[in-house]
Amino acid sequence: MITGELRNKIDGIWDIFWSSGMTNPLTVIEQITYLMFIKILDDNELRKEANAAAFDMPVVDPIFDKDHQNCRWSNFRHYDADAMFSNMTEKVFPFIKNDLNAGKDTAFARYMKDALFLVPTARVLVKVVDALDSLDLNNKDIMGDVYEYLLSQIAQSGTNGQFRTPRHIIKMMVELMKPTLEDTICDPAMGSAGFICAAAQYISEHYAKELMQKAAKQHYTTTMFTGFDTDQTMLRIGAMNMMLHGVEAPNITWMDSLSEDNTHREEYSLIMANPPFTGSLDKETISKDLLAIAPTKKTELLFLALFLKALKVGGRCASIVPDGVLFGSSKAHKALRQELVEFNRLEAVISMPSGVFKPYAGVSTAILIFTKTSHGGTDKVWFYDMKADGFSLDDKRSPIDANDIPDIIARFHDLAAEEGRERTEQSFFVPKQEIVDNDYDLSINKYKKTDYVAVEYPPTSEILDELDRLNAQIEEETKALRKLLGE
């Protein structure tokens, strides 16, 4: 979440584009993303040069050769307006579009082919470059906050139905799942690649030494991460996002994940996702093996069925779902929940407050965590009632002290200590049989108990005496007021 001066700077960049006549929010964010990407490329190069100079060594694999020095942000930002604009259109943008990954079959190379530089004038470019120059985009937290805020503008405008997952919720889910270098990680509804980027960052921070080994680095940069989406712009943004996280060739692909075209089955060891919640599909286009699990057109159920099919046996999943998935009474809802409980291992249901997705959605949601076993394994399910996520639950989403996220992570990774907790507490176990007896209902309110404190009221006679006293006082004070007014 961004506030104060940083938010004002981003709003200022947004206003520069809008005042120039560029009013499609998706186009605006795409152009800002290109410029952020160009700046971060040069910032990374400057850091490599400084490190090399400190050890009196040449720079290994420089991004900019001697023929592309005019493509560096630190150089062209000092040009006058017309020179900067012509350099950007004739040199810099063609460089990131065509030359940066020339000859490589990477997601970045594929999706940049159709990219267009649409900043309308030299004046607008100079203003945006000056504004971005003041941001510390090397700080991953700041860059993530900026990105989340920009993408929230798409959601608020209703463009393309983009539904943002707050970055701190993504980070929580990644920390719950603890991805490793052994994983193959997928988000079949990736959007801007938030989940797989957060997973990449987690791995780079926790396995820095191991990533120095050639095989591990090769897996990390090529085969570890997969993402599917049906929006070319989001694929482009996602590919840039991954490249900035050091993942040069992720398997980011245009794909209708629920269709027969998606033949990826039993391939992944970890799926983290926030699939679309609304809308229904033409049943003719839906993969038949998904309908066998959940006979429905509802996307939120079909994606869960897809996760079960796409995971290897032993693979894990953390998915955000709307509350309706937990207690819906349709045949498909019940079938899907039964599949999770009876034929796989459902581990946790984390109920989140409805304000988590504000200001652009007020839907109540939960996180389901399960392991694909194909032969059962659910013994008991851990429930957690999240009441606060570190931000106010209104449209402002201002930072607050109350935050259950650290407690959720700590408790999930020490479930043995959760044994014996009462149903009146924020987290507790529910035995599988009780869930079965309740028609596989997974809503926390079905199992949570509330402590009722008896309240003693005074006798009716005392209440009536008090009313008489108050009425007499009102009458006396009314008479005094009339006397003062001369009535």
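Tutor: The secondary structure comes to 18 helices and eleven strands. Helices here are DSSP runs of H or I with at least four residues, strands are runs of E with at least two, and both are numbered from the N terminus. This is a predicted model, in which local features need pLDDT of at least 70 and side-chain atom pairs count only at pLDDT 80 or more, while totals for chains, interfaces and linings use all residues. Residues are numbered from 1 along each chain as its sequence is written, and side-chain values use heavy atoms, without hydrogens or water.

The C-alpha atoms fill a box of roughly 95 × 80 × 50 Å along the principal axes. Of the 487 residues, 50% count as buried. Buried means under 20% relative accessible area, exposed means over 50%, and partly exposed lies in between, using a 1.4 Å probe and protein chains only. Take contacts (heavy atoms within 4.5 Å). Among those between residues at least 6 apart in sequence, 72% join residues at least 24 apart.

Now the core. In soluble globular proteins, nonpolar side chains tend to be buried together. A nonpolar core is a set of buried Ala, Val, Leu, Ile, Met, Phe, Trp, Tyr and Cys residues joined through side-chain atoms within 4.5 Å. The largest one has 99 residues, and Leu35, Met172 and Phe225 touch the most other members. Helix 2 (residues 25-54) gives this core its largest share, eleven residues. Look at Leu35. Leaving out residues up to four places away in sequence, Leu35 touches Trp73, Met88, Phe117, Val119, Leu125, Val128 and Leu132. A second, separate core has 45 residues, including Val321, Val341, Tyr440 and Tyr447.

Stay with helix 2, which also holds Gln31. Gln31 is buried, at 0% relative accessible area. The Gln31 side chain reaches the backbone nitrogen of Leu118 at 2.8 Å. Beyond four places in sequence, Gln31 touches Phe17, Met22, Leu116, Phe117, Leu118 and Val119.

Helix 1 (residues 4-19) packs against helix 6 (residues 122-133) at an angle of about 175 degrees, with the axes 10 Å apart. Axes are lines fitted to C-alpha atoms over the stretch in contact, and angles run from 0 to 180 degrees between N-to-C directions. The two helices, helix 1 and helix 6, are therefore roughly antiparallel, a label for angles over 145 degrees. Helix 1 supplies Ile13, Ile16 and Phe17, while helix 6 supplies Val124, Lys127, Val128, Ala131 and Leu132. By class, that contact has seven nonpolar residues, one charged and no polar. Ala, Val, Leu, Ile, Met, Phe, Trp, Tyr, Cys and Pro count as nonpolar, Asp, Glu, Lys and Arg as charged, and the others, Gly among them, as polar.

Tyr440 lies in the loop between helix 17 and helix 18 (460-484). At 10% relative accessibility, Tyr440 counts as buried. Its phi is positive, about 60 degrees, although Tyr440 is not a glycine. Most residues other than glycine have a negative phi. Arg397 also has a positive phi, near 50 degrees. Arg397 sits in the loop between strand 9 (389-391) and strand 10 (399-403), and is buried at 3% relative accessibility.

Finally, Val436 is in helix 17 (residues 432-437). Val436 is partly exposed, at 21% relative accessibility. Val436 and Arg337 are 99 residues apart in sequence, yet 9.7 Å apart in space, C-alpha to C-alpha.

Terms used
Angles under 35 degrees count as roughly parallel, over 145 as roughly antiparallel, 65 to 115 as roughly perpendicular and the rest as oblique. A polar contact is a pair of N or O atoms within 3.5 Å; within protein, one must be able to donate a hydrogen and the other to accept it, and residues adjacent in sequence count only if both atoms are side-chain atoms.
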